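The following report describes the fold, the surface and selected residues of one chain. The sequence and the structure are shown first.

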Amino acid sequence: DQKQNLITIPSLIGTDNSYYLTYLLFSIVCVIQVFTFGLCNESLVVLTSSLLAVLVIINSKRRVSDFDYLIKLDGLMILQYLQFYIINILI
């Protein structure tokens, strides 16, 4: 972003603060999900997906390439779909 002079959230508030903002937003999503729908199967899928996303973000601090990071994020979206699909088959 700095090489191309792009204005992004990390460039405005700093990289460390953007990680904290991400953690806060994932926490808010989880809390809203649980308060809105309770601890149903779909809520558990959202909670596990959010936890895995936070783990990917934590590991992104030492990422090898942008391609590796994008594969992990796309994999999380596919994993969330598979979790919903498997839960709907089992129930």
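Gln33 counts as buried, at 14% relative accessibility; buried means under 20% relative accessible area, exposed means over 50%, and partly exposed lies in between (1.4 Å probe, protein chains only). Gln33 belongs to helix H2 (residues 15-37). Helices are DSSP runs of H or I with at least four residues, strands are runs of E with at least two, and both are numbered from the N terminus. When neighbours within four places in sequence are left aside, Gln33 is in contact with Gly38, Glu42, Ser43 and Val46, where contact means heavy atoms within 4.5 Å.

The model is predicted: local features need pLDDT of at least 70, and side-chain atom pairs count only at pLDDT 80 or more, while totals for chains, interfaces and linings use all residues. Residues are numbered from 1 along each chain as its sequence is written, and side-chain values use heavy atoms, with hydrogens and water left out.

The chain contains four helices and zero strands, in the order α-α-α-α from the N terminus on. Its radius of gyration is 16 Å, whereas a compact globule of 91 residues would have a value near 12 Å; the radius is taken over C-alpha atoms, and the globule rule is 2.2 Å times the number of residues to the power 0.38. The C-alpha trace spans about 50 × 30 × 20 Å along its principal axes. Of the 91 residues, 19% count as buried. Among contacts between residues at least 6 apart in sequence, 55% join residues at least 24 apart.

The chain exposes about 7100 Å², and carbon and sulfur atoms supply 67% of this area; accessible areas come from the Shrake-Rupley method with a 1.4 Å probe.

Ser50 is found in helix H3 (residues 41-59). Ser50 is buried because its relative accessible area is 7%. Not counting residues up to four places away in sequence, Ser50 touches Phe26 and Cys30. Leu6, by contrast, is found in the segment before helix H1 (9-13) and counts as partly exposed, at 40% relative accessibility.

Two C-alpha separations are set out below.

| Residue pair | Separation in sequence | C-alpha distance |
|---|---|---|
| Leu6 and Leu21 | 15 residues | 19 Å |
| Ser50 and Leu73 | 23 residues | 11 Å |

How many aromatic pairs does the count come to? The count comes to one aromatic pair, under a rule by which rings of Phe, Tyr and Trp (its six-membered ring) pair if their centres lie within 6.5 Å. The rings of Tyr81 and Tyr85 have their centres 6.1 Å apart and their planes at 20°, so this pair is stacked; planes under 30 degrees apart count as stacked, over 60 as edge-to-face and the rest as tilted. Both tyrosines, Tyr81 and Tyr85, lie in helix H4 (residues 66-90), four residues apart, about one turn of the helix. Tyr81 is exposed, with a relative accessible area of 53%, whereas Tyr85 is partly exposed, at 44%.
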